[in-house]
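Colleague: Can you walk me through this one? I have the sequence and the structure open.

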Amino acid sequence: MTPIPIAAYRQQFSIPDDVIYLDGNSLGVLPKATAAAVAKTVEQEWGNGLIRSWNTADWVNAPRRCGDKIARLIGANAGEVIACDSTSVNLFKALLTALALQNDQPQRNVIISDIDNFPTDLYIAQGIRDLLREREIQLHFVKRQDMQSTIEAFSGCTTVVMLTQVDYRTGERYDMQSITALVQSKGALMLWDLAHSTCAFPVELNACNADLAVGCSYKYVNGGPGAPAFVFAAKRHLDTLDAEGTSAPISGWFAHEAPFAFDPLFRVVRGIERFTVGTPPILQFAALEASLDMWLTVDMQALRDASVVLTERFIKEVETQCAGHGLTLATPRDAAIRGSQVSFRHAEGYAIMQTLIARGVIGDFRAPDILRFGFTPLYINEDDVVKAVVHFREVMSSREYERTEFQARGKVT
Ligand SMILES: *Cc1c(COP(=O)(O)O)cnc(C)c1O
């Protein structure tokens, strides 16, 4: 099958006419197929099928079915990924699993992460430390430039290193292969958060020998607001957990070996299903699966090539057209260590972004001073980049952002 050219995917999305959408890294655009898929699930499967649809429409296997599809997008195998819950909840489960896998090594009580990691990741680790007091977990959250020396310094007492591959503010990317190898050479486990990686560029979890991973599917995956997230565990670890009879990280009835036996005693299911908890949100799964079916047709290397063209062009255009207005590039110039976003710093970043949004150029702002623009080649092209930068130049040179209406902050930025 010849791959579909990346530019041809734009017609598969529903994009408002007056919008240049550079925020697909926060909430992906609606694929046209999704509305029909959700309508079918609502009207036929829920409306007519009712409770029978758990079996007849195979609702009950949605987490595993979508997990197997996601696996193909992140270099994993069927049975190693399950779609469920939120990224935050899945991180909780993945961290507890890492600790369980190292249970025989109580001297390993350190969790390492990047202080600039997305806060929820750091909060979940703090919660686990407080929950498992007797394990005396030490958290070491350090700057990126100190990551390697920290991993080396705590060699022998680290249980897991937890990193988000792409920094949500700057878009800088960790090298998955070399960091994973370094961490494992010290006897620790590697947990990757793929929130800004999945469907942003090719990800090869198994080729990099990753231990555990989590990810989000409402960003680059276009699964819809609040879409089920996912969790990955390498088969070797699932086999160990099964062999040792390790319990589920959250022992809800969907993690039971036989949920419909209604046994009062918990017995954990084998395999990746151990990460599920309760009833899956079927309407959200209908939306997610529609976008996954589109993604499975995408040539990921061609997507990456198109992404690099867009980010390079945006950097060049902004730096020439908006020069002299105090914007500084926060994203690496080297495309090889960049995700699929470009960020600029500016003291008035919040108001500038509000002004751009009022003009239909939608990006977002991340405290303290980051203007963030995501590039999603399936529905954004170079023409959009050029048009967006014309607005950016006008906003900067007119200082339109100084108007009071652009200063007030909403709850979500
Ligand atoms: C977006 C994002 C999340 C989101 O977590 P939710 O549980 O979906 O709210 C978590 N971690 C990282 C690194 C993210 O970028």
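Modeller: A term to begin with: helices here are DSSP runs of H or I with at least four residues, numbered from the N terminus. Also, this is a predicted model.

Colleague: Fine. Which helices supply residues of the shell around the ligand?

Modeller: Helix H4 (87–101) and helix H5 (119–131) each give at least two residues to that shell.

Colleague: And which residues are around the ligand?

Modeller: Ser86, Thr87, Ser88, Phe118, Thr120, Asp121, Thr164, Asp193, Ala195, His196, Tyr218 and Lys219. Sorted by class, three of the shell residues are nonpolar, six are polar and three are charged.

Colleague: What lies 2.6 Å from an oxygen atom of the ligand?

Modeller: A polar side-chain atom of serine 88. For threonine 87 the atom is a backbone N or O, and it lies 3.4 Å from an oxygen atom of the ligand.

Colleague: What about a nitrogen atom of the ligand, which side chain is 2.8 Å from that?

Modeller: The side chain of aspartate 121, through an N or O atom. The ligand on its own has 390 Å² of accessible area, and the protein covers 86% of that.

Colleague: Where does the ligand sit?

Modeller: In the largest pocket.

Colleague: Now the whole chain. How many helices and strands are there?

Modeller: The protein chain has twelve helices and 15 strands. Its radius of gyration is 22 Å, close to the 22 Å from the globule rule for 413 residues, so the chain is as compact as a globular protein of that length.

Colleague: What does the C-alpha trace span along its principal axes?

Modeller: About 65 × 60 × 45 Å.

Terms used:
Residues are numbered from 1 along each chain as its sequence is written. This is a predicted model: local features need pLDDT of at least 70, side-chain atom pairs count only at pLDDT 80 or more; totals for chains, interfaces and linings use all residues. Side-chain values use heavy atoms; hydrogens and water are left out. A residue is near a molecule or strand if one of its heavy atoms lies within 4 Å of it. A polar contact is a pair of N or O atoms within 3.5 Å; within protein, one must be able to donate a hydrogen and the other to accept it, and residues adjacent in sequence count only if both atoms are side-chain atoms. Accessible areas come from the Shrake-Rupley method with a 1.4 Å probe; for residues, only the protein chains shown count as cover. On a 1 Å grid over the protein atoms alone, a cavity is a set of points where a 1.4 Å probe fits but cannot get out, and a pocket is an open set with protein on both sides within 12 Å along at least five of seven lines; lining residues have an atom within 4 Å of a point. A molecule sits in a cavity or pocket if more than half of its atoms lie within 2 Å of its grid points. Ala, Val, Leu, Ile, Met, Phe, Trp, Tyr, Cys and Pro count as nonpolar, Asp, Glu, Lys and Arg as charged, and the others, Gly among them, as polar. The radius of gyration is taken over C-alpha atoms; the globule rule is 2.2 Å times the number of residues to the power 0.38.
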